[in-house]
Amino acid sequence: AYACDPRFRFILMPKNVGKRKAQIVAIRESSGDLVLNVDSDTTIAPDVVTKLALKMYSPAVGAAMGQLTASNRSDTWLTRLIDMEYWLACNEERAAQARFGAVMCCCGPCAMYRRSALLLLLDKYETQLFRGRPSDFGEDRHLTILMLNAGFRTEYVPEAIAATVVPNSMGAYLRQQLRWARSTFRDTLLALRLLPGLDRYLTLDVIGQNLGPLLLALSVLTGLAQLALTATVPWSTILMIASMTMVRCGVAAFRARELRFLGFSLHTLLNVAL
């Protein structure tokens, strides 16, 4: 539909080289001051470019991301939960980080970058290794950390809405979460050197992101051990997890003014199971 439109230029690679290398080819061939990254399964609202570009007006800002929603939210109970998960990730986690000028991961479905900053970072981005081999995951988080490491701010723009396709089966969801978890744990090690130069809140946030899942897993394992060894139900563990879940969901329902977030409590059971 757009192949003959002079405003567009398409670069076709001879084979699938992966997201990172495709990004790098496009960035090096580009000429604009700003680069918008949109994943192939994502639809952006008509005003997304304007909203993100306004946030990039300050030369101190190297990247900005929009708010993500699930375009297939109504498909299954799982897609409804993931849509709420994205709302929380954007409007609690990213929004809080942006208050201190350091969103720790500008998500791939909708993120704008300053081209001059990207050109400084492309070599490091392209040559990242993981266990001695070129990295093929965690592109968004790694590029964001490189941006912060170079001294740029990263921002979140809730008014810039992008709808993306989310997993609608447990297998696909598990693969996605494992991929994201690997990226989070690996790139957190790279971000540790950044933290002294950032606000103290971000140190607390990074610790919470990494210790939270581990503590949940430890709680579940100790509860199961108690059940197996003493034949008693670990009520204290169950009540603690349940109460923390209800507090989180209650706050989200209040802030979003939507009762559906009370149903997000099912996500805790999903986390425990996986």
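How many bridges join E3 to E7, and do these strands run parallel or antiparallel? Nine bridges join strand E3 to strand E7, and the two run parallel.

## Basis of the description

The structure is a predicted model, in which local features need pLDDT of at least 70 and side-chain atom pairs count only at pLDDT 80 or more, whereas totals for chains, interfaces and linings use all residues. Residues are numbered from 1 along each chain as its sequence is written, and side-chain values use heavy atoms, with hydrogens and water left out.

Helices (H or I, at least four residues) and strands (E, at least two) are DSSP runs numbered from the N terminus. An unreviewed UniProt entry lists residues 35-241 as "domain: Glycosyltransferase 2-like"; UniProt positions are given here in the numbering of this model, feature names are shortened, and annotations may be inferred rather than shown by experiment. Over residues 35-241 the chain is 55% helix and 17% strand, with end C-alpha atoms 42 Å apart.

## The sheet

Five strands form an open sheet with mixed pairing, in the order E1-E4-E3-E7-E2, where two strands count as paired if DSSP finds at least two bridges between them. Strand E1 (34-37) and strand E2 (42-44) stand at the edges with a single partner strand each, so one side of each is left without a neighbour in the sheet. From one strand to the next, the twist averages 35°.

Strand E4 (residues 111-114) runs antiparallel to E1, to which four bridges join it, and also antiparallel to E3, through three bridges. Leucine 34 stands opposite arginine 114 in E4, while alanine 111 in E4 is the bridge partner of asparagine 37 and of methionine 65. Ala111 and Tyr113 point one way from E4, Met112 and Arg114 point the other way, and all are buried, that is, under 20% relative accessible area, as against exposed at over 50% and partly exposed in between (1.4 Å probe, protein chains only). On E7, threonine 69 stands opposite alanine 163, and threonine 42 stands opposite threonine 164; E2 and E7 run antiparallel and are joined by three bridges.

## Helices on the sheet

Helix H2 (residues 48-55) lies across E1, E2, strand E3 (61-70), E4 and strand E7 (153-164), running at about 175° to E7. Helix H3 packs on the sheet as well, touching E3 and E7, and its direction makes about 155° with that of E3. Contact here means heavy atoms within 4.5 Å, and axes are lines fitted to C-alpha atoms, for helices over the stretch in contact, with angles running from 0 to 180 degrees between N-to-C directions.

## Helix H8

The 22 residues of helix H8 (residues 235-256) should span 32 Å at 1.5 Å a residue, and the end C-alpha atoms are 31 Å apart, which agrees; the expected span is 1.5 Å times one less than the number of residues. Within H8, Thr245, Cys249, Ala252, Ala253 and Ala256 are buried. They cover an arc of only 100° around the axis, which puts them on the same side of H8, the arc being that of the directions from the helix axis to the C-beta atoms.

These buried residues pack against helix H3 (77-99) and helix H9 (266-273). The face of H8 turned away from its buried side carries the exposed residues Trp235, Ser236, Leu239, Met244, Val247 and Phe254. Arginine 257, whose phi is positive, near 55°, follows H8.
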